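Please read the points below with the coordinates open beside them. They go through the sheet, the helices and the nonpolar cores in turn.

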Amino acid sequence: MTKILFVCTANMDRSPTAELLYKDHSGLETKSAGIAFYANAPVSAELVEWADVILCMEDRHQAYIERFYPDQIAHKKIDTLDIEDDYGFMHSQLKNIIKTRVDAWLRENGFGQK
């Protein structure tokens with residue numbers, strides 16, 4: 001089972017949408033978090049430690065994790081999906097963008113394949 005942590009700013013729209021879209025995907029276990037102090041589920045050392053893969057919505061999210069959790073990410077895959085904060089939670093366009101980018105990432109990196 002591959003554990004993926006999706007990360008955005010507030011854990012209100014993008015990362016929880018991704019978590020829900022992939023929570024029943026064969027071979028994957030998902031969680032989500034945000035880097036902001038007001039995030040619904042703030043990023044923590046425990047969450048970063050839990051994950052095998054960390055997929056961030058923007059470069060600044062990845063930079064935050066690399067800065068504050070260098071020991072926890074030493075042997076993990078971390079990448080950015082380049083998904084701007086333009087849509088609300090579970091918006092159809094957001095779901096389409098996430099599915100396209102995450103499916104491509106999984107395929108390219110050999111993770112979570114059925």
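1. Helices (H or I, at least four residues) and strands (E, at least two) are taken here as DSSP runs, numbered from the N terminus; axes are lines fitted to C-alpha atoms, for helices over the stretch in contact, and angles run from 0 to 180 degrees between N-to-C directions. The model is a predicted one, in which local features need pLDDT of at least 70 and side-chain atom pairs count only at pLDDT 80 or more, while totals for chains, interfaces and linings use all residues. Residues are numbered from 1 along each chain as its sequence is written, and side-chain values use heavy atoms, with hydrogens and water left out.

2. On these terms, helix 1 (residues 14–22) packs against helix 4 (residues 92–109) at an angle of about 65 degrees, the two axes being 10 Å apart. The crossing is right-handed, a label given when the near helix is turned clockwise from the far one by less than a right angle, anticlockwise being left-handed. Contact, meaning heavy atoms within 4.5 Å, is made by Arg14, Thr17, Ala18, Leu21 and Tyr22 on the side of helix 1, and by Leu94, Lys95, Ile98, Lys99, Val102, Asp103 and Leu106 on the side of helix 4.

3. Within helix 1, the buried residues are Arg14, Ser15, Pro16, Thr17, Ala18 and Tyr22, where buried means under 20% relative accessible area, exposed over 50% and partly exposed in between (1.4 Å probe, protein chains only). Their cover includes strand 1 (2–8), strand 2 (28–34), helix 3 (59–68) and helix 4.

4. Four strands make up an open sheet in the order 2-1-3-4, with parallel pairing; two strands are said to pair if DSSP finds at least two bridges between them. Strand 2 and strand 4 (77–80) are the edge strands, each pairing on one side only, and the twist from one strand to the next averages 20 degrees. Helix 3 lies across strand 1, strand 3 and strand 4, and runs at about 150 degrees to strand 4.

5. The pairing can be followed through particular residues. Strand 1 is joined to strand 2 by seven bridges, with Cys8 opposite Gly34 of strand 2. Strand 1 also pairs with strand 3 over four bridges, where Ile4 stands opposite Val53 and Phe6 has Leu55 as its bridge partner. Four bridges then join strand 3 to strand 4, and here Leu55 stands opposite Asp79.

6. Strand 1 is largely enclosed by the rest of the structure, because six of its seven residues are buried. Strand 3 is covered on both faces, with Val53 and Leu55 buried on one side and Ile54 and Cys56 buried on the other. As a general point, side chains in a regular strand alternate between the two faces of the sheet.

7. Which residues have the most contacts inside the largest nonpolar core? They are Phe6, Leu55, Val102 and Leu106, in a core of 17 residues; such a core is a set of buried Ala, Val, Leu, Ile, Met, Phe, Trp, Tyr and Cys residues joined through side-chain atoms within 4.5 Å. Strand 1, helix 1, strand 3 (53–56) and helix 4 each supply at least two of its residues, and helix 4 provides the largest share, five residues.

8. Leu55 deserves a separate look: leaving aside neighbours within four places in sequence, Leu55 is in contact with Ile4, Leu5, Phe6, Val7, Asp79, Leu81, Val102 and Trp105. A second, separate core has 15 residues, among them Leu5, Ala33, Ile54 and Ile73.
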